[in-house]
Structures are given as C-alpha cells and as structure tokens.
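Here is a friendly walk through one model, from its overall layout to its ligand site and a few backbone details. Please keep the structure open beside the text as you read.

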Amino acid sequence: METRVLKGKPVAALIREEVSTASAALRDRGVVPTLAIMQVGDDPSSKIYSSSIQKAGGKLGVDVILSTLPASSSVPDVTERIAALGTDPSIHGIIVLEPLPQGIPSDVLEEIPPAKDVDGATALSLGLIVAGRPAYAPCTAQAVVEMLVRSGIEISGRHVVIVGRSPVVGRPLANMLLRKADNANATVTVCHTRTRDLSAHTVTADILVAAMGVPEAIRGEMLANGVVVIDVGVNRIDDPSSERGYRVVGDVAYDEALGIAAAITPVPGGVGTLTTSLLLLNTIDAATKAGVRAP
Ligand code: NAP
C-alpha cells in the first residue's frame, strides 16, 4: 500500500489564509484582534516560541503583545496580571507560557477566562469540552482534528485509538472526537502506561493518534493495514551523524509504518506545524465573539 504523507505546511497555509482574511474584516470594523502572551521568567524555549507567535501574528494581522514578569514574581503578582489581561477589552486571547518558574503552580492559569483561553489551558475549558459545550481546545489537540478534517479523512463512525491521556493532548482530543457533532462521532479508545497489551488495541484502530512522548514506541507490527496515523510526539534522539548531534522523531517508527498505513503525519513537519496558526485562528474567533458581545 502506498502511504499518503499528511504534511502540516499546506494545511497551515489554509488556516493562515483564513486568519488573514478574517483579521482584515475585523480591522475594517475597527476591531484589532489581539493576543497577549504572558511570560514569567526567561525560559529560553518560551522566548523562541513567543517570538515565532509574534512573527506569525505580524504577518497575518493579529496584534501580539508580550506581557512579562520576572522569575522572582509572587503567585499574587502572576494571578493579578492574568486577571488584568482577562478584563482588558482590547485583549481577545491569552496564552501563559510554560514552564512557569519554580514556586508558581500551573493553577495560576485558571485565572484565564474561558472566552479568552485560546490555547485551552484551563480546567474549565477542558470541562466544557467534556460536557460537549463550546470552548477552545489545546491547539495541539485541535491540530489533530484539523489535520484529519482538512485532509478529507472521515472521523464519524470510525475507531480512533489515542495513546496518551494528558490534559494537553489525549484527554481533550478523546472528548472532542466523541462529540455528537460534525467532524466527530468517533468511537474512541484511550490507552496509557497501565494499558495491558497496547498492540491489541492499536491494531484495531482506523485512526491511531500517538501522543506519548516515547521515541518510535509504536512499531510497524502494532499497526493494521490501512490505518491513518497521526503522530503528535516530538522527541530528540542522539544522532552523531547529524551536525546538531541529535534528530527529532515522533512516537511512531515512521519507516516501519510506510507501506502499512494509508496515511501518516511526519515528525517534524506534521501536526506540530499547525499549532501557532490555530492559536491565531482562535484569537480571531475570540475577537469576533467579543465584537458581537461589545455594547
Ligand atoms: P505527557 O503529559 O508526558 O503524557 C504522555 C501520555 O502518554 C501519558 O498519558 C502516558 O501515560 C502515555 N504513555 C507514555 N508512555 C507510554 C507507553 N509506553 N505506553 C502507553 N502510554 C504511554 O505528554 P504530552 O504533553 O501529552 O505530550 C505527548 C507528546 O506530544 C510528546 O512527545 C510532546 O513533545 C508532544 N507534543 C507536541 C506538541 C506540538 O507538536 N506542538 C505539543 C504538545 C505535546 P500515563 O498517563 O499512564 O503516564
């Protein structure tokens, strides 16, 4: 079987075009779609992530402001800042970058109001998703659904096996796919480290989502012929032959899946490519709804 490679770039380009068109329309109405990135401390990977969001926002007409606090900030300093962004009518979306400095629990994220929680970071947003009510999902979980839908892969009625139950990927994704709604209505199995005989489950999947954080853990023999594989994993493994000394691989042994799977997302270059565009798309949605709510 020839395996179709589901690349993220063309899907991201479609989403970016939608963001750009919608932001122009909002600006015409006097609404400037605005995302606030909050960074506490100076984690280097957070800095890289925030500048890539700012760059993308600049190209697509979404204002991205950076709100920073020093690593020495207290919990009330952080919660007060998030609460202020939450009530500021010029801010439509909020993302708080993690990791937070030691001593700042991730509970502070709960200050983000659901209407502005454009990366689905709070327990309240997750609860709304579980209840089947409107809420933003974490962009990585959303990226899995967007990749399937925009690649024309049917979800309804199919058996989706998700390996991983984290609040960022597996848990929201399982509940999104279970919804009685368009682009959902799947039968969902969620596996984790205590699952007995993982292969017995993975071979039954029509669509397999690997979100484990274990390099190449899903081997070829764990896949059924014709399965669609969405690999969320991003893992660095040593590679002395590479200039950097490492390379990035997914949770699925990609070469082994070729010829067995009907389709597969590569790592890098798969679902991870969509997350920044989706963050901006959610900000546009939040700005549109805020514009509707405005007096
Ligand atoms: P996580 O919080 O560590 O959760 C991993 C999940 O996988 C857990 O539920 C764990 O089970 C399960 N698991 C781990 N090893 C397993 C095994 N051998 N068999 C069965 N289940 C196993 O990770 P995460 O934050 O969800 O991230 C998962 C992967 O996605 C990582 O590689 C991460 O880098 C990647 N990721 C990518 C993006 C992106 O592309 N932008 C964003 C977020 C995450 P237990 O619950 O039993 O421990």
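Helices (H or I, at least four residues) and strands (E, at least two) are DSSP runs, numbered from the N terminus. With that convention, Pro99 sits in the loop between strand S4 (93-96) and H4. The model is a predicted one, in which local features need pLDDT of at least 70 and side-chain atom pairs count only at pLDDT 80 or more, while totals for chains, interfaces and linings use all residues. Residues are numbered from 1 along each chain as its sequence is written, and side-chain values use heavy atoms, leaving out hydrogens and water.

**Layout**

The chain is divided into domain 1 (31-101) and domain 2 (139-274); these bounds come from an automatic or database domain assignment. A distance of 29 Å separates the C-alpha centres of domain 1 and domain 2.

**The ligand site**

How many residues surround the ligand? There are 19, and the closest are Thr140, Arg165, Ser166, Thr193 and Val234. A residue is taken as near a molecule or strand if one of its heavy atoms lies within 4 Å of it. The shell divides into 8 nonpolar, 10 polar and 1 charged residues. In this scheme Ala, Val, Leu, Ile, Met, Phe, Trp, Tyr, Cys and Pro count as nonpolar, Asp, Glu, Lys and Arg as charged, and the others, Gly among them, as polar.

| Residue | Protein atom | Ligand atom | Distance |
|---|---|---|---|
| Ser166 | polar side-chain atom | oxygen | 2.5 Å |
| Thr193 | polar side-chain atom | oxygen | 2.4 Å |
| Ala211 | backbone N or O atom | oxygen | 3.5 Å |

On its own, the ligand has 920 Å² of accessible area, and the protein covers 67% of that. Accessible areas come from the Shrake-Rupley method with a 1.4 Å probe; for residues, only the protein chains shown count as cover.

Why is helix H6 (residues 170-178) described as largely enclosed by the rest of the structure? Because 7 of its 9 residues are buried. Buried means under 20% relative accessible area, exposed over 50%, and partly exposed in between (1.4 Å probe, protein chains only). The buried residues of H6 are Gly170, Pro172, Leu173, Ala174, Asn175, Met176 and Leu177. Their cover includes helix H4 (123-130), helix H5 (139-150), strand S5 (159-163), strand S6 (187-191) and strand S7 (207-210).

Strand S5 holds Ile162, which is buried with a relative accessible area of 0%. Leaving aside neighbours within four places in sequence, Ile162 is in contact (heavy atoms within 4.5 Å) with Gly170, Leu173, Ala174, Leu177, Val188, Thr189, Val190, Cys191 and Val209.

Helix H5 contains Leu148. Is Leu148 buried or exposed? At 1% relative accessibility, Leu148 counts as buried. Apart from neighbours within four places in sequence, Leu148 is in contact with Ile153, Ile155, Ile207, Val228 and Ile230. Val228 is 80 residues away from Leu148 along the chain, and their C-alpha atoms are separated by 9.0 Å.

**A residue in helix H3**

Thr79 is part of helix H3 (residues 75-87) and counts as buried at 19% relative accessibility. Not counting residues up to four places away in sequence, Thr79 touches Val108 and Glu111.

**Backbone details**

Most residues other than glycine have a negative phi, and most peptide bonds are trans. Which peptide bonds here are cis? One runs from Glu98 to Pro99, with omega near 10 degrees. Another runs from Val267 to Pro268, with omega near -5 degrees, and Pro268 lies in the loop between strand S11 (263-264) and helix H9 (275-293).

Positive phi values also occur in residues other than glycine, including Asn185, near 60 degrees, and Glu216, near 50 degrees. Asn185 belongs to the loop between H6 and S6 and is partly exposed, with a relative accessible area of 33%. Glu216 is in the loop between S7 and strand S8 (228-231) and counts as partly exposed at 26% relative accessibility.

Notes:
A polar contact is a pair of N or O atoms within 3.5 Å; within protein, one must be able to donate a hydrogen and the other to accept it, and residues adjacent in sequence count only if both atoms are side-chain atoms.
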